[in-house]
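The sequence and the model are shown first.

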Amino acid sequence: MRQAKPATIALRRREFLAGTAMLLFSATTVKAATIAGRLPWVPNAGNPPPPIKVGPWEFFNGEEGRAMEALVDCIIPPDPETPGGKEAGCAVFIDRQLAGPYGRQEGLYVRPPFQAGAKNQGHQSANGPAQDYREGLAALDRACKQRGGGKPFDELSGDDRIAVLKAVEKGELKLDGVDGKSFFVQLVKDVQMGFFADPIYGGNRDMVAWKMIGYPGARYNYLDWVNRHNERFPLPPVGMTGNAQWTRS
């Protein structure tokens, strides 16, 4: 039986591969999309944060939620021009974070041994943020009841709330079983994040913080404004979802 020459075999192989490629390309219809108005970003495309849902507390119980709303309004008090921490959704932001991966310490090494570390080593406790808040809020209410005639933090007057927080910050008021100063530092940081974060996380409601500081948000580019210093950007801020409005849906 005669065998085909190697050159003939190679030629036929090239013809076969070329024919297969032509078949694939001819069977595939390529359509181009025109982008206009805003970027075609939608929630959950790729790996974006899931938008929060407005409703009951997901982590806090009723007492903790009331304490948190009072706390965030002490840290960011309302004024005639800008809502305070409560109306801006800072307590909701923290609640949703504690109910999610942040509160559960997902992605972090959480096995013992746990040792006291330096400040630059960050969190070194076996407790995660969720447990820290649960214990911290309970200890704060106990301290307030002992100090304020049986009233929890949210039932104190505005001046008494500030006095309590100043005493905790300075270490003058000890919280039973909790490092009060560290808890207060973490609380302030989380409230600040909730106030200035993208509204998709639950805080910065109606983008009040961005409007206050003139931050334009997650716009596509600012090429026309790169060299225009000390001028207020004329357009309203835009969130990651491409909206200029905070949505309550």
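## Aromatic pairs and helix packing

At a relative accessibility of 3%, Phe195 counts as buried. The model is a predicted one. Phe195 forms an edge-to-face aromatic pair with Phe196, and Phe196 is partly exposed, with a relative accessible area of 38%.

| Pair | Centre to centre | Angle between planes |
|---|---|---|
| Tyr133 and Phe183 | 5.6 Å | 75 degrees |
| Phe195 and Phe196 | 5.1 Å | 85 degrees |

Tyr133 belongs to helix H5 and Phe183 to helix H7, so their pair ties together parts that are 50 residues apart in sequence. Tyr133 is buried at 2% relative accessible area, and Phe183 is likewise buried at 9%. Elsewhere, Trp57, Phe59 and Phe60 form one aromatic cluster.

Helix H7 (residues 180-196) comprises 17 residues and spans 25 Å from its first C-alpha to its last, close to the 24 Å expected at 1.5 Å a residue. Its buried residues include Phe184, Leu187, Val188 and Val191, as well as Asp190. The buried residues of H7 pack against H2, H3, H4, H5, H6 and H8.

Two of these partners, H2 (residues 62-75) and H6 (residues 158-170), also meet: their axes come within 11 Å and cross at roughly 80 degrees, which makes H2 roughly perpendicular to H6. Ala70, Leu71 and Cys74 of H2 make the contact with Arg161, Ile162 and Leu165 of H6. By class, this contact has five nonpolar residues, one charged residue and no polar ones.

Notes. Residues are numbered from 1 along each chain as its sequence is written. This is a predicted model: local features need pLDDT of at least 70, side-chain atom pairs count only at pLDDT 80 or more; totals for chains, interfaces and linings use all residues. Side-chain values use heavy atoms; hydrogens and water are left out. Axes are lines fitted to C-alpha atoms, for helices over the stretch in contact, and angles run from 0 to 180 degrees between N-to-C directions. Helices (H or I, at least four residues) and strands (E, at least two) are DSSP runs, numbered from the N terminus. Angles under 35 degrees count as roughly parallel, over 145 as roughly antiparallel, 65 to 115 as roughly perpendicular and the rest as oblique. Contact means heavy atoms within 4.5 Å. Ala, Val, Leu, Ile, Met, Phe, Trp, Tyr, Cys and Pro count as nonpolar, Asp, Glu, Lys and Arg as charged, and the others, Gly among them, as polar. The expected span of a helix is 1.5 Å times one less than its number of residues. Buried means under 20% relative accessible area, exposed over 50%, partly exposed in between (1.4 Å probe, protein chains only). Rings of Phe, Tyr and Trp (its six-membered ring) pair if their centres lie within 6.5 Å; planes under 30 degrees apart count as stacked, over 60 as edge-to-face and the rest as tilted.
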